[in-house]
Amino acid sequence: MNANVSKIKQAGLKVTPQRLAIYDYLVNTDCHPSADTIYKNLEETTPGMSLATVYKTLEAFKKNNLVIELNAGDGFARYDAITENHSHIVCTNCGRVYDLFLPETMNIREQISNLTNFKLNDERLIFYGVCPSCQADEE
Ligand SMILES: [Zn+2]
Ligand SMILES: [Zn+2]
């Protein structure tokens, strides 16, 4: 069986062609797309795909920990199929969002928990700057 089909099933969701298309798309991209972007990329190739389906599917995925929702400060939610603890770095010039796997930031939850006595479940750590390719354009 297709690995993404099993993952959707393991999350307790029924597999539909639309759900599978959205999950496949998210697993194969690292651009942290919005619901709109997902819809535009899939509407022609996936029969029965509507923007409402995309929103409903993302909501169900989020509830069942198949995706995380991320707000990079550009006014819309973005989605990421990487649900492990990781941070993000955003280019304020081109708007690209990159994954950042840095041990120091991955352990920050424990440190903050010790400091505040909070029982932490989640965090969103986002860094902002200008990416190397935009820096090259400026020169
Ligand atoms: Zn950039
Ligand atoms: Zn990410």
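**Notebook: strands, domains, core**

I started at strand β3, residues 87–91, which runs parallel to β5 and is joined to it by 4 bridges. I noted that this is a predicted model. One pair I looked up by residue: His 88 has Ile 126 as its bridge partner in β5.

Next I traced the sheet around these strands. I read the order as β4-β3-β5, an open sheet of 3 strands with mixed pairing. The edges are β4 (97–100) and β5 (126–129), and each of these pairs on one side only. Ignoring direction, neighbouring strands here are turned by 25 degrees against each other on average. A reminder to myself: strands of a sheet pair through backbone hydrogen bonds, either parallel or antiparallel.

Then I stepped back to the element list. I counted 7 helices and 5 strands in the protein. From the N terminus on, I wrote down the run α-α-α-α-β-β-β-β-α-α-β-α.

Domains came next. The protein is divided into domain 1, residues 3–80, and domain 2, residues 87–138. I put their C-alpha centres 22 Å apart.

I then went to the largest nonpolar core, which holds 16 residues. Which residues touch the most other members? I listed Ile 22, Tyr 23, Leu 26, Leu 58 and Val 67. The elements giving two or more residues to this core are α2 (17–27), α3 (35–42) and α4 (51–63). Of these, α2 gives the most, with 5 residues.

Last, I took the overall numbers. Along the principal axes, the C-alpha atoms fill a box of roughly 45 × 45 × 25 Å. Of the 139 residues, 17% count as buried; I used the cut-off of 20 or more other C-beta atoms within 10 Å. For contacts with a separation of 6 or more, I found that 46% join residues 24 or more positions apart.

Definitions and conventions
Residues numbered from 1 in each chain as written. Chains lettered and ligands numbered in written order. Predicted model: local features only at pLDDT ≥ 70, side-chain atom pairs only at ≥ 80, totals over all residues. Pairing = 2+ DSSP bridges. Axes fitted to C-alpha atoms, helices over the stretch in contact; angles between N-to-C directions. Domains from an automatic or database assignment. Core = buried A, V, L, I, M, F, W, Y, C linked by C-beta atoms within 7 Å. Buried ≥ 20, exposed ≤ 12 C-beta atoms within 10 Å, placed from the backbone. Contact = placed C-beta atoms within 7 Å.
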